Amino acid sequence: MHSTKSILVGTTLVLATMIAALPTYYAGLLALAGIHAIVCLGLSFLLAAGQLSLGHAAFLGTGAYAAAILTRDAGWPPLLALAAAVAGCAALACLLGHLTLRLRGHYLPLATLAWGMAIHVCFGAATGVTGGASGLPDIPAFSLHGAVLGTRAMTALTWGVVALSFLAFCRIHRGRIGRAAAAIKSNPTMASAFGVDVAAVKIRIFVLSAAMTALAGGLYAFYMQFLSPGSFSVGASFNLLIMVVLGGVLHPLGALLGAIAFTGLEIGAQYLVASLLDLPGQMESMLFGAILIAALLRWPNGLMTWVRVPRSAAAPAMEGHAVSPAGADRLPARALRVEAVEKHFGGLRALQGVSLEIGAARITGLIGPNGAGKSTLFNVMTAVLPATRGRITLGGEPLARTSAQVVRQGVARTFQHVQLVAELSVLENVMLGGYIHGRAGLLAAALGRDRAEERALAAAAHAALAQVGLAAEAGRPVAELTLGSQRLVEVARALMAHPRVLLLDEPAAGLREPEKRALVALMRRLRDERGMAILLVEHDMDLVMGCVDYLFVLNYGELLSQGASAEVQRDPAVVAAYLGAEA
Ligand code: ADP
Ligand code: MG
């Protein structure tokens, strides 16, 4: 936080001096860089949530034309026109988002490219409204209470907007929605397993980025006082994207650096080609392109490669009051019951008529050879996959249909293949588990109204980490931990959801002996003190036999045996199919 603030203050001083002292032409270029920076802040957050837009220049144009036409032709005051342009663009983005954000992989960028091109064509074709290819002249300058803003004042206004937006995005970035965005980018299935409504969060981030872009477009119209469709082409969208990637999306600061560096490089290339080398103008784009490609190849994290900004606020100390990650009190007991569940993948019957119960205040083991269907059962029990047939109930009530709702019903899980967000710290990964207990949205975070909630969540995450023996690692990047420790981080993250039913998919793989003993002790505590229903899938037979109260054996999608662990161990069918192989 400190370093973010000091960067902000330092930059403000430098900028203020530049705006006041530079020749008007350069002060104007600074305004353009600021306009780009506003777009980049929104676009970079969109990218940080794993969405690539190749059509944002369309929002820039829509904002610009709307603000210009409302002031020029309808006589609205500029500020009101700007607000209307932003609101209109947000509505347009909401519509486009609902239509296209469900698309995955390369279909989404292609869809954004398609509507980007379509809207750009409209700017040129609607000659009666936009002036078409010959442009829209005579746009009034921005004015407030009758005071008309000149180039320098406009530059200062633009950078004022940049500063406020930057502050807001820094807060959003390190808050609840920022973590959700990083989780969505990393793995939407995991994000929704902790209650993130992936579609809704994606739409909100998309609308926010479109609104920011429209705001920048409005400022552009008032600054240029002339608009032509060429400024909002697909090429312009690409340039915006290049700025974001050039800066890097690991932190909002990257957006600012990218916008400034891009503007600087563009001017530098122009100067070099035209004045020094005396080459034709087209060469400038080639030179510029070559520099960008070289930079992107060399530094995939962009300019942020060199700037270290701590992503989250310093971990708060827990003074005195102990905080429990799962609420200190015993939770109402709830059993998870699976009745005659089938899961087919085409011709493969991964689960065939499986019925079992994961009782409250019990550790239930589930063993079986690889490919038996254990993880598939996990996925069906958390609504990641719909069952082909059968019924799953939780405390007598049917299981919810989406995994984001299932975790709210009290079922939390870990993943066999560790699903942590590499860009986040250990603490932040664990805080993600408490997503459903938070409320702060984009606006609350932007205004800094989420502080109390964040502090409580961080304190609970510290407590959860202490429970799995990783208190000392809270501040480290999660990618630095061993695989075994990462599995324990997943357990801590699951505890943050205050589960009644805890599903652990091979949590002990990669753990050392003392860590395994600590894991068993933790499971026993959760069972005895909180009455938690725990399902343990594990290959380490000593660990399983030593701690489970009841054991199910799955083989080729069918239940082979069940009972107390000693009985199961003696079952000839189990010995033949599974345990025999171990001996
Ligand atoms: P386990 O966790 O017991 O090792 P899994 O549940 O991962 O077993 O797999 C059970 C069977 O279902 C395997 O044959 C696996 O290949 C298949 N399977 C699992 N998930 C899918 C999927 N999404 N699509 C197709 N087949 C799958
Ligand atoms: Mg598995």
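**Close-up views of helix packing and an open sheet**

**View 1. Helix α2 beside helix α7.** The axes of helix α2 (residues 24-48) and helix α7 (residues 151-174) come within 9 Å and cross at roughly 20 degrees. Because angles under 35 degrees count as roughly parallel, α2 is described as roughly parallel to α7. The crossing in which α2 passes α7 is left-handed. In this predicted model, the residues that form the contact of α2 with α7 comprise 15 nonpolar, eight polar and one charged.

**View 2. Helix α2 against helix α12.** Helix α2 also packs with helix α12 (residues 252-276), the two axes coming within 8 Å and crossing at roughly 140 degrees. That angle makes α2 oblique to α12, and the crossing in which α2 passes α12 is right-handed. On the α2 side, the contact is made by Leu 29, Ala 33, His 36, Ala 37, Cys 40, Leu 41 and Ser 44, which meet Pro 252, Ala 255, Leu 256, Ala 259, Thr 263 and Ile 267 in α12. Sorted by class, the residues of this contact of α2 with α12 are 10 nonpolar and three polar, with no charged residues.

View 3. Val 245 belongs to helix α11, which spans residues 234-247. With a relative accessibility of 29%, Val 245 counts as partly exposed, since that class lies between the limits of 20% for buried and 50% for exposed. Once the neighbours within four places in sequence are left aside, Val 245 is in contact with Leu 47, Leu 296 and Gly 302. The C-alpha atoms of Val 245 and Ser 44 are separated by 8.0 Å, although the two residues are 201 apart along the chain; Ser 44 is also one of the α2 residues that meet α12.

View 4. Six strands form an open sheet with mixed pairing, in the order β8-β9-β10-β5-β11-β12. Its edge strands, each of which pairs on one side only, are β8 (411-413) and β12 (558-563), and from one strand to the next the twist averages 20 degrees. Within the sheet, strand β5 (residues 362-367) pairs with strand β11 (residues 550-555) in the parallel sense over four bridges, and Gly 365 stands opposite Leu 551 in β11. Helix α14 (residues 374-381) lies across β5, β8, β9 (501-505), β10 (533-537) and β11, and runs at about 150 degrees to β9.

Definitions and conventions
Residues are numbered from 1 along each chain as its sequence is written. Chains are lettered from A and ligands numbered from 1 in the order in which they are written. This is a predicted model: local features need pLDDT of at least 70, side-chain atom pairs count only at pLDDT 80 or more; totals for chains, interfaces and linings use all residues. Side-chain values use heavy atoms; hydrogens and water are left out. Two strands pair if DSSP finds at least two bridges between them. Helices (H or I, at least four residues) and strands (E, at least two) are DSSP runs, numbered from the N terminus. Axes are lines fitted to C-alpha atoms, for helices over the stretch in contact, and angles run from 0 to 180 degrees between N-to-C directions. Contact means heavy atoms within 4.5 Å. Angles under 35 degrees count as roughly parallel, over 145 as roughly antiparallel, 65 to 115 as roughly perpendicular and the rest as oblique. A crossing is left-handed if the near helix is turned anticlockwise from the far one by less than a right angle, and right-handed if clockwise. Ala, Val, Leu, Ile, Met, Phe, Trp, Tyr, Cys and Pro count as nonpolar, Asp, Glu, Lys and Arg as charged, and the others, Gly among them, as polar. Buried means under 20% relative accessible area, exposed over 50%, partly exposed in between (1.4 Å probe, protein chains only).
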